[in-house]
Amino acid sequence: MSTPWAQRISGGRPQFGMWVASGSGYVTEICAGSGIDWVLLDQEHAPNDLRTTLYQLQVLAGYPDVGVVVRPPAADPVLIKQVLDIGAQNIIVPMIGSAEEAAAAVAATRYPPAGIRGVGSALARASRWNRITDYLSTADDSVSLTVQVETAAGLARLDDIADVDGVDAVFIGPADLAASLGKLGQPEHPDVVSAIENALATIVAHGKCAGVNAFNETIARRYVAAGASFVVVGADVALLARGAEQLAERYRR
């Protein structure tokens, strides 16, 4: 592990983060200044495209103490290439269900001969438009990759996924995992929580960092005890929705 983010999640202190799903650079800056350890910019379930993600990366450049992870909408090498070119350095790829899929995600983040990332550094913010003169030879070492396992099939192959060279961390997605285990909408069901705790221990046993999502503080701390070194503990849109509801309820009463 060589990137600052990879060093942070392997440094011994759990990193608590926020999902930033609003698509707003203004809201992103509010979150970045909160004291949170890291933020996750989401393109999978949020209204973020390349332009809104780029703007948020530019905003977050003013907060160097905050870790920044970007999730493209799919394990598509074209989408991954575009996110890397606009300057994302830490990628989390959703819906990885096998070692082969994990290896393909690794290849998408590396230039040839180590991978298949297309070369467009002259046009890319990542290389500062070739002002970073050695970008092509150093880029592979500046990128961290987290793969997201969130199905029963993925759990069954977790040992093999965690062993893939180039995978820095494995993140367990409770919502989709709950659905895959027959517990749709119940990510805090005891069976789901137990499966996640076992998965976190497996990831750590393979020498990789483990991450997970948990908005319930009690469960989040259970996951840390089980081996998670980075946890998403809230989301900008959820905080706004619940806060607005509580405010309205106080005055309705």
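Start at Ala210, which sits in strand 7, the stretch covering residues 209-213. Keep in mind that you're looking at a predicted model. Is Ala210 buried or exposed? Its relative accessibility is 0%, so Ala210 counts as buried, given that the cut-off for buried is under 20%.

What does Ala210 touch, once you skip residues up to four places away in sequence? Its contacts are Val170, Leu200, Ile203, Val204, Gly227, Ala228, Ser229 and Phe230. Now look for Val143: along the sequence, Ala210 and Val143 are 67 residues apart, and in space their C-alpha atoms are 17 Å apart.

Next, move over to strand 5, which runs through residues 144-149. How many of its six residues are buried? The count is six of six, so to speak, and strand 5 is described as mostly covered.

Which strands pair with strand 5? One is strand 4, residues 90-93, which joins strand 5 in the parallel sense over four bridges. Here you can find Val93 standing opposite Val147 of strand 5. Another is strand 6, residues 169-172, and this pairing with strand 5 is also parallel, again over four bridges. If you follow Gln148 across to strand 6, you land on its bridge partner, Phe171.

How values were computed:
Residues are numbered from 1 along each chain as its sequence is written. This is a predicted model: local features need pLDDT of at least 70, side-chain atom pairs count only at pLDDT 80 or more; totals for chains, interfaces and linings use all residues. Side-chain values use heavy atoms; hydrogens and water are left out. Buried means under 20% relative accessible area, exposed over 50%, partly exposed in between (1.4 Å probe, protein chains only). Helices (H or I, at least four residues) and strands (E, at least two) are DSSP runs, numbered from the N terminus. Two strands pair if DSSP finds at least two bridges between them. Contact means heavy atoms within 4.5 Å.
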